[in-house]
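Me: I have just opened this entry and would like a short tour. Could we go through it step by step?

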Amino acid sequence: MVREISAGGVVVRRLAGAWNFAAILPCREPVSDAIARKKKAPSTTLALPKGLVDPGEKPDQTALREVREETGVTASLVTKLRDVKYFYVRSWGDKERVFKIVSFYLLQYESGRIDDISHEMRVEVQSAVWVPLEEAPIRLAYKSEREVVRQAIAYVESHPELATV
């Protein structure tokens, strides 16, 4: 069985006095292609930025890199939130079963403009947006990511000093 190690981040930022997080709208197949193959239309639900850990890279470094590449913003590490583990079957190539571990980190916004991403990244990410943190449980597509953001909310609420940085 193939094993994949990834990392991602919950980037938080205060905007107009409220906590927001950076989310991505991943690219899916076009609606016309989905209809032609009698599949459901692509999702408009959001996800957290994440990606594979490169050789020689530490997971926290991957989280920072993936956030920068997929959202356009630079962030700093606050703390590790949790690991999410699951299985999936590749829908391309060898159809192999994969065991995946994704380490998620709480990150704080430093600089950059949301959705300022490269043309090459648009193959993976349709757009990146700031979303009010309290909307995460209803806006994120994956249950495990909603749980990760609940942990981020609890951390932010119990660490008011983050609001002054």
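Me: Where is Lys-58 found?
Reply: Lys-58 sits in the loop between β3 (50–52) and α2 (59–71). Helices (H or I, at least four residues) and strands (E, at least two) are DSSP runs, numbered from the N terminus. The model is a predicted one, in which local features need pLDDT of at least 70, side-chain atom pairs count only at pLDDT 80 or more, and totals for chains, interfaces and linings use all residues. Residues are numbered from 1 along each chain as its sequence is written, and side-chain values use heavy atoms, with hydrogens and water left out.

Me: Is Lys-58 buried or exposed?
Reply: Lys-58 counts as exposed because its relative accessibility is 53%. Buried means under 20% relative accessible area, exposed over 50%, and partly exposed in between (1.4 Å probe, protein chains only).

Me: How many residues apart in sequence are Lys-58 and Ala-7, and what is the C-alpha to C-alpha figure?
Reply: Lys-58 and Ala-7 are 51 residues apart in sequence, and their C-alpha atoms are 9.1 Å apart in space.

Me: Now the whole chain. How many helices and strands are there?
Reply: The protein has 4 helices and 6 strands. Read from the N terminus, their order is β-β-α-β-α-β-β-β-α-α.

Me: Why does the radius of gyration agree with a compact globule?
Reply: A compact globule of 165 residues would have a radius of gyration near 15 Å, and the protein has 16 Å, so the two agree. The radius is taken over C-alpha atoms, and the globule rule is 2.2 Å times the number of residues to the power 0.38. Along the principal axes, the C-alpha atoms fill a box of roughly 50 × 35 × 30 Å.

Me: What share of the residues is buried?
Reply: Buried residues make up 40% of the 165.

Me: And which share of contacts joins residues at least 24 apart?
Reply: Among contacts between residues at least 6 apart in sequence, that share is 69%. Contact here means heavy atoms within 4.5 Å.

Me: Next, Lys-100. Where does Lys-100 lie?
Reply: Lys-100 is part of strand β5 (residues 97–112). Lys-100 counts as buried because its relative accessibility is 13%.

Me: Which side chain does Lys-100 join in a polar contact?
Reply: The side chain of Lys-100 makes a polar contact of 3.2 Å with that of Ser-6. A polar contact is a pair of N or O atoms within 3.5 Å; within protein, one must be able to donate a hydrogen and the other to accept it, and residues adjacent in sequence count only if both atoms are side-chain atoms. Setting aside residues up to four places away in sequence, Lys-100 touches several others, including Glu-4, Leu-52 and Tyr-86.

Me: What about Glu-145: buried or exposed?
Reply: Glu-145, in helix α4 (residues 143–158), counts as buried because its relative accessibility is 2%. Its side chain and that of Lys-50 are joined by a polar contact of 2.6 Å. Beyond neighbours within four places in sequence, the residues in contact with Glu-145 include Ala-47, Leu-48 and Phe-104.

Me: Last topic, backbone angles. What is phi of Ala-16?
Reply: Phi of Ala-16 is near 50 degrees, a positive value in a residue other than glycine. Ala-16 lies in the loop between β1 (2–15) and β2 (18–26), and it counts as exposed because its relative accessibility is 90%.

Me: And what is phi of Lys-95?
Reply: Lys-95 is not a glycine either, yet has a positive phi of about 55 degrees. Lys-95 is in the loop between β4 (73–89) and β5.
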